[in-house]
Amino acid sequence: MSKILRIAVPIPLRRIFDYLPPENCNGNELRPGIRITVPFRGQKKIGYLIEVADHSEMPLSRLKPIGEIIDEEPLISTKDLKFLLWTSRYYHHPLGEVISSAFPIPLRKGKPAVLSSHQYLFTTEKGRTSQISDLSRARRQTELMRMLLASPQGLGARDLAGLGCNWRNSAKQLVEKGLIEIKRIPTLLSCAQSATPASYSLNPAQKMAIEQVSRAMGRFKTFLLEGVTGSGKTEVYLGLIEFALRQGKQVMVLIPEISLTPQLEARFRERLAEPIAVFHSGLSESERQQAWLCFRQGLAPVLLGTRSAVFTPMRNPGLIILDEEHDASFKQQERFRFSARDISIVRAKQLGIPVLLGSATPSFESIFNAKRGRFEQLFLPERAGIALPPVIKLLDIRNQPLEEGLSPPLVAEIKRTLAVGEQVLLFLNRRGFAPILICHGCGWIASCTRCDSRLVIHVSHGKLRCHHCGYEQIILKLCQSCGAQDLHPLGLGTERVEGGLGGLFPNAKIVRIDRDSTQRKGHLESVLRTVTSGCVDILLGTQMLAKGHHFPTVTLVGILDVDAGLYSTDFRAPERLAQLIVQVAGRAGREQKPGKVILQTHNPDHPLLNALIQKGYRGFVDNALAERKAALLPPFSFQALMRAEATNTESPMRLLKEVRNLAVELRIIDTSVFGPVSAPLTKKAGLFRFQLLFQSPERKNLHRLLELILAKVSALPSGKRVRWSLDVDPLDFY
Ligand code: ADP
Ligand code: ZN
Ligand code: ZN
């Protein structure tokens with residue numbers, strides 16, 4: 001009796017499909033998790049075997065056989081598959097798409113899982129004990145032999161290029177004599193390395209943190225490491241990695257964005273003698289696939305990656321570390337909207353290993369979990385070494401004359417800092433020259449025709465750009481409404497401040513870091529290197545600067561404009577603003593010289609700012625958490641957001657109203673529905689966007705509601721005509 005194959009196909013349908021095994025195979029020997037091809041609506045698709053079953057709900061005559069079997073053995077373990085099934089259920093996202101996103105792109109397309117490797121030359125035992133002088137007449141062989149004897153870790157083609165093009169002949173002769181051998185080594189692992197230990201010893205808080213986590217190795221436990229900026233969290237990670245490696249275990253290290261990787265990668269490589277697999281969007285598809293395969297096979301004991309790396313199979317699971325756990329980039333904002341932080345905890349639980357979340361400014365969710373005893377909290381209360389915490393000062397700029405956003409006291413402070421040869425970091429969270437182009441004659445403003453947004457002026461590219469849909473056009477000279485030649489930039493972006501600084505400090509070397517200035521591959525790395533080497537006087541940038549970078553000689557940090565963040569309608573805005581301020585401030589005075597932070601504001605009495613400065617991040621969190629509790633907002637409740645969009649306003653609204661009615665009829669206890677309302681950015685890229693919010697103090701009830709709703713949505717009359725999506729634990733309401 002032939003078996004039925006249950007297959008997940010990466011399409012937006014929330015169901016799996018039954019197929020028959022191919023000819024000459026009854027299906028019994030096929031293992032869940034393997035990739036296969038299937039005929040699907042006239043196309044060939046890659047599918048994933050979920051289960052081999054005895055029955056189908058469908059008549060057998062209607063089932064088709066699968067196409068080819070791509071993997072003999074599954075690339076993911078049974079535990080991994082279970083984890084993906086759980087993830088699909090939790091996010092209510094189609095299983096096929098969830099599994100597919102766990103694989104690197106070439107594997108998703110059905111490419112074979114082969115490690116690329118290179119030839120490496122090694123001396124043999126005989127080679128090491130024979131006399132080189134015996135080769136004296138073969139000059140090139142002698143030279144090659146000498147090089148290999150000096151490099152016990154082996155040499156590859158690139159290392160040997162200096163010998164001229166004939167070294168392969170010499171190598172062949174040495175192989176025939178039994179003096180050397182040729183082995184293939186995975187490309188990723190080929191760079192020979194040696195470890196340099198830290199030049200200092202760990203402080204008691206660091207030792208304690210390492211000890212606590214090490215003691216939990218081999219079982220599931222979540223730790224929250226809260227260490228002020230510059231307290232040596234990375235040292236704790238390194239200590240734990242060394243500990244895990246000694247036990248032959250692997251460590252997965254997740255970090256927010258690629259902007260952080262170069263520095264961290266360099267530090268890891270310097271300190272660890274083992275191969276490190278790196279996985280982020282700045283690498284090519286095949287490089288990522290190689291990293292994935294090396295980690296999966298246990299060839300690389302350490303993986304350093306961004307959010308999608310959380311799915312990489314682990315051969316010898318030891319520990320998961322997630323740095324800057326508060327960072328919103330751990331949450332994927334399109335299609336499959338998972339949170340790498342949240343699921344790393346589920347994954348650790350499934351693998352039976354500890355997970356360590358680290359941050360100077362932990363998310364409210366994590367602090368709340370620590371308070372409830374779900375996470376064990378570890379603290380690094382002081383800066384490592386001799387560095388002192390920076391002094392933060394609010395600067396009232398009301399009625400002050402501003403020069404391109406800079407107030408006279410800040411300018412004076414910059415002058416003083418530069419005069420003693422120290423570095424300045426200025427932070428403004430808005431790229432471009434100015435956010436608005438306005439007509440002085442009639443008040444017309446240049447707007448995006450496809451979005452509800454203003455076009456941002458980018459002088460260096462001579463363009464007006466929409467930051468929401470990517471639309472761009474040449475900077476206008478004439479008002480499109482009254483025809484006047486009287487258009488002016490309004491407001492402040494990093495480009496404009498850069499120009500202003502150039503005028504004020506003509507002799508200073510100024511560098512701007514934002515998404516516009518770092519688009520070219522490798523550019524950010526080279527800029528960061530110049531900054532670290534101290535050749536830059538003023539560093540100006542957006543939140544890219546806030547993230548974990550270590551700039552040793554920055555002693556003054558200026559935050560140009562915090563006011564915009566004080567007026568947001570998003571309930572998470574204060575949390576984000578506080579994190580940003582603390583993180584940016586943390587770039588000051590990280591080594592011998594003390595740091596100073598100046599925060600320009602029109603709201604010097606604002607309670608948020610004052611709580612933060614007087615009581616620190618934790619004091620601020622306590623106040624803000626009390627407010628969230630009173631309003632029953634996360635982490636005191638759980639949310640899911642249904643978004644719908646279309647080229648007209650009626651159909652998404654109609655769908656969401658129908659869903660709302662459904663939700664109300666279902667009467668699941670303790671659940672509320674809010675909306676539908678238009679999204680804060682109602683029109684984006686030509687689509688009108690609306691949203692409906694579900695909320696409950698009990699996760700279970702919320703998910704019960706979502707399940708019941710999703711089962712019925714596709715049957716709703718407007719369900720087919722409108723694009724909609726569900727965001728579980730949304731971070732962003734845009
Ligand atoms: P964090 O990750 O918490 O921001 P880092 O690990 O980058 O902090 O450490 C900040 C600086 O302090 C680094 O230059 C690091 O080399 C140094 N450092 C870390 N631990 C110690 C220690 N125990 N003694 C002296 N310096 C240390
Ligand atoms: Zn006008
Ligand atoms: Zn637009």
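**Loops, zinc sites and a helix pair**

Student: A685 has its place in the loop between strand 27 and strand 28 (687–696). Is A685 buried, partly exposed or exposed?

Tutor: The model is predicted, so local features need pLDDT of at least 70 and side-chain atom pairs pLDDT 80 or more, whereas totals for chains, interfaces and linings use all residues; side-chain values use heavy atoms, without hydrogens and water. Residues are numbered from 1 along each chain as its sequence is written, while chains are lettered from A and ligands numbered from 1 in the order in which they are written. Strands (E, at least two residues) and helices (H or I, at least four) are DSSP runs numbered from the N terminus. Buried means under 20% relative accessible area, exposed over 50% and partly exposed in between (1.4 Å probe, protein chains only), so A685, at 33%, is partly exposed.

Student: What is the phi value of R41, and where does the residue lie?

Tutor: R41 is placed in the loop between strand 3 (35–40) and strand 4 (43–53). Its relative accessible area is 64%, which means that R41 is exposed. R41 is a residue other than glycine with a positive phi, near 45°.

Student: Which residues coordinate the zinc ion (ligand 3)?

Tutor: Donors are N, O and S atoms within 2.8 Å of the metal (3.2 Å for Na, K and Ca), and sites may look incomplete because water is not among the atoms. For the zinc ion (ligand 3) the distances are 2.2 to 2.3 Å, and the donors follow the spacing C-x2-C-x14-C-x2-C along the chain. C466 counts as buried because its relative accessibility is 3%. Through their SG atoms, the coordinating residues are C448, C451, C466 and C469.

Student: What is the geometry at the site of the zinc ion (ligand 2)?

Tutor: The protein donors of this ion are the SG atoms of C439, C442, C479 and C482, lying 2.3 to 2.4 Å from it. In sequence these donor residues are spaced C-x2-C-x36-C-x2-C. Four donors count as tetrahedral if all angles lie between 85 and 135 degrees. With angles of 106 to 114° among the 4 donor atoms, the site of the zinc ion (ligand 2) is tetrahedral.

Student: At what angle do helix 1 and helix 12 pack?

Tutor: Axes are lines fitted to C-alpha atoms, for helices over the stretch in contact, and angles run from 0 to 180 degrees between N-to-C directions. Contact means heavy atoms within 4.5 Å, and among the meeting residues are F83 and W86 in helix 1 and I343 and V346 in helix 12. The axes of helix 1 (residues 78–91) and helix 12 (residues 340–351) are 10 Å apart, at an angle of about 145°.

Student: Which residues does P301 contact, leaving aside its neighbours within four places in sequence?

Tutor: P301 lies in the loop between helix 11 (285–296) and strand 11 (302–305). With a relative accessible area of 10%, P301 is therefore buried. The residues in contact with P301, apart from those neighbours, are L245, K249, Q250, V251, E274, P275 and F295.

Notes. Tetrahedral: all angles 85-135°; square planar, octahedral: opposite > 155°, others 65-115°.
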